[in-house]
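Subject: Handover of the structure

Hello,

Please find the structure below, followed by notes on what was found in it.

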Amino acid sequence: MKEIWTTMASIMGVWAFCQSLLQTVFPPELRFASFKFFHRFFSYLSSSYYYDITEIDGVNTNELYNAVQLYLSSSASISGTRISLTRGLNSSSITCGLSNNDRLIDSYKGVTVEWEHIVTQRQAQTFSWRPMPEEKRGFTLRVRKKNKQMVLSSYLDYVMEKANDLRRRNQDRLLYTNSRGGSLDSRGHPWESVPFKHPSTFDTLAMDPVRKSEIMADLLDFSNGESFYQKTGRAWKRGYLLYGPPGTGKSSMIAAMANFLGYDIYDLELTEVNTNSELRKLLMKTSSKSIIVIEDIDCSIKLDNRNNADGGCRKNSFEIASPPGSNGGSEAGANTITLSGLLNFTDGLWSCCGNERIFVFTTNHIEKLDPALLRSGRMDMHIHMSYCSSPALKILLKNYLGFEENYPEKEMLEELEVLVEEAEMTPADMSEVLIKYRRDSRRAVEELLATLKAKAEKNKRVKPRKKNGDELEEEEQEKRALDSPLEDGGFQENCGKGEGEDETEKMH
């Protein structure tokens, strides 16, 4: 036993001598060069390439890491042996993912790749402006050398696209509003968001089913039309104008569009925008697959007639309607932007800084809007949200009273269908009656019938007097506003193009 310990001590002494000799003969620079040479040599002999995707890129979060993590969650739930379960903020579902130091095989266009999730402890930090996580996380992608070009050219883009779709399906819709005075939040964004949980859908929307089908088909054509918009050289965006009396469901229509397409909503408050530059910055910070909404645009802005009384041309501008209690435009820094700024916002060069976005304007008085805002290319589809009709009445009865095809009071229903056209009641007013008596369906129908009769009688007495003077003039103004291409062209012929429309018209 003593001889064994003596032999081991001799070996350790020889090893220490050889190590000191190697360090003397081969300095660190030479050893590093030798290690690098052998690493390249064996890498050359290897049949695979390895790509590291770390969670933190410098001081910023690596978006590719988050995309890979979300993309692999769909495969991990099927083929993974050890699964990590997570539920993110604003998410309504649980997602699966690879556990620490686990592997997963993926296939793309017949090519097999291997993903490995590597988690190691991070070295202690002495000082950092931004504290790092205790664990160092990353993914390693292993592919064969012959498939390198395919991975770099299309596979990673495919992973990002699939991850965005998964994120959109798993995450609840978000409702954004612009911060007051253009201030930024903690992340440097001018938008503040809350989860969007509006339950409105096209099934519950009180509207003519034929018209709803047309709108849904148009929305689907837009969302699936990426190749069409690229082929025709048009920006991938579309504009919708919702106009009609208050209470006809314009806001519910926007919510139904967002839920139908799975888009986020950006509710733009024009009274908080000071300049055209701020308007552009807000547009730049919106995401793709979103709906940008300006509600009651005729109330948010004070439009000036672009023609002077003497027939000349004025500057294309308007003032933002000041909130109650403010001094309007008398103070320095008042909220004033130009009409051309709003036109370029919807149809100019800056409107092309994102893809798959929808612009929605709502108004109660379409005749008050400048025709340049209404023409095709800015507001491509005009949707008239009118008073409740017979098909809309049946939808309301189904929503609030549970009536399907077999109506218990058929005689009352027939009378309701006759009166609803004469009464000119909005879906909001009719819904209020049904909500109040929803626990007694018979009484709800009787009360609704009585309300419709009273409203119809009132309309018969008031309408003959209203059809004179101002009413006829308003109808003519609305017709002229709807004929926007003619009005816009007429203005340009007499006055020339406005300050910001030169750039906008070039787009078409």
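Two strands are said to pair if DSSP finds at least two bridges between them. Helices (H or I, at least four residues) and strands (E, at least two) are DSSP runs, numbered from the N terminus. This is a predicted model, in which local features need pLDDT of at least 70 and side-chain atom pairs count only at pLDDT 80 or more, while totals for chains, interfaces and linings use all residues. Residues are numbered from 1 along each chain as its sequence is written, and side-chain values use heavy atoms, with hydrogens and water left out.

β9 (173–178) is joined to strand β12 (residues 264–267) by three bridges, and the two run parallel. Across this pairing, Y176 stands opposite Y266 in β12. β12 also pairs with β13 in the parallel sense, over four bridges. There, I265 has I291 of β13 as its bridge partner.

Antiparallel sheet

An open sheet of four strands has the order β1-β8-β7-β6, with antiparallel pairing. Its edge strands, β1 (48–54) and β6 (103–108), each pair on one side only. On average, neighbouring strands of this sheet are turned by 25 degrees against each other, direction ignored; for such angles, axes are lines fitted to C-alpha atoms (for helices over the stretch in contact), and angles run from 0 to 180 degrees between N-to-C directions. Six bridges hold the antiparallel pairing of β6 with strand β7 (residues 111–121), and L104 stands opposite W115 in β7.

Salt bridges

A salt bridge here is a side-chain nitrogen of Lys or Arg within 4 Å of a carboxyl oxygen of Asp or Glu. By this rule the count is 10 salt bridges. For the accessibility of the partners, buried means under 20% relative accessible area, exposed over 50%, and partly exposed in between (1.4 Å probe, protein chains only).

One of the salt bridges is formed by E114 and R142, whose closest N and O atoms are 3.4 Å apart. E114 lies in strand β7 and R142 in strand β8 (residues 135–144), so the pair ties together parts that are 28 residues apart in sequence. E114 counts as buried at 14% relative accessibility, whereas R142 is partly exposed at 28%.

D218 forms a salt bridge with R238, with 2.8 Å between the closest N and O atoms. This pair links distant parts of the chain, with D218 in helix α5 (residues 209–223) and R238 in strand β11, 20 residues apart. Both D218 and R238 are buried.

A salt bridge also joins E417 to K394, the closest N and O atoms being 3.6 Å apart. Because E417 lies in helix α13 and K394 in helix α12 (residues 390–401), the pair ties together parts that are 23 residues apart in sequence. E417 is partly exposed at 25% relative accessibility, and K394 is partly exposed at 35%. Finally, salt bridges that share partners join R103, E114, E116 and R142 into one network.

Nonpolar core

A nonpolar core is a set of buried Ala, Val, Leu, Ile, Met, Phe, Trp, Tyr and Cys residues joined through side-chain atoms within 4.5 Å. The largest nonpolar core has 28 residues, of which L241, L268, L279 and F345 touch the most other members. The elements giving two or more residues to this core are β9, β11 (237–243), α8 (276–284), β13, α10 (339–347), β17 (357–363) and α11 (371–374). α10 gives the most, with four residues.

Loops and positive phi

Most residues other than glycine have a negative phi. D296, although not a glycine, has a positive phi of about 50 degrees. D296 sits in the loop between β13 (290–294) and α9 (297–300) and is partly exposed at 30% relative accessibility.

E424 is not a glycine either, and has a positive phi of about 55 degrees. The loop between α13 (410–423) and α14 (427–436) holds E424, which is partly exposed at 27% relative accessibility. E424 and K455 are 31 residues apart in sequence and 7.7 Å apart in space, C-alpha to C-alpha. T426 is also in the loop between α13 and α14, and counts as buried at 5% relative accessibility. Between the C-alpha atoms of T426 and M385, which are 41 residues apart along the chain, the separation is 9.4 Å.

Regards
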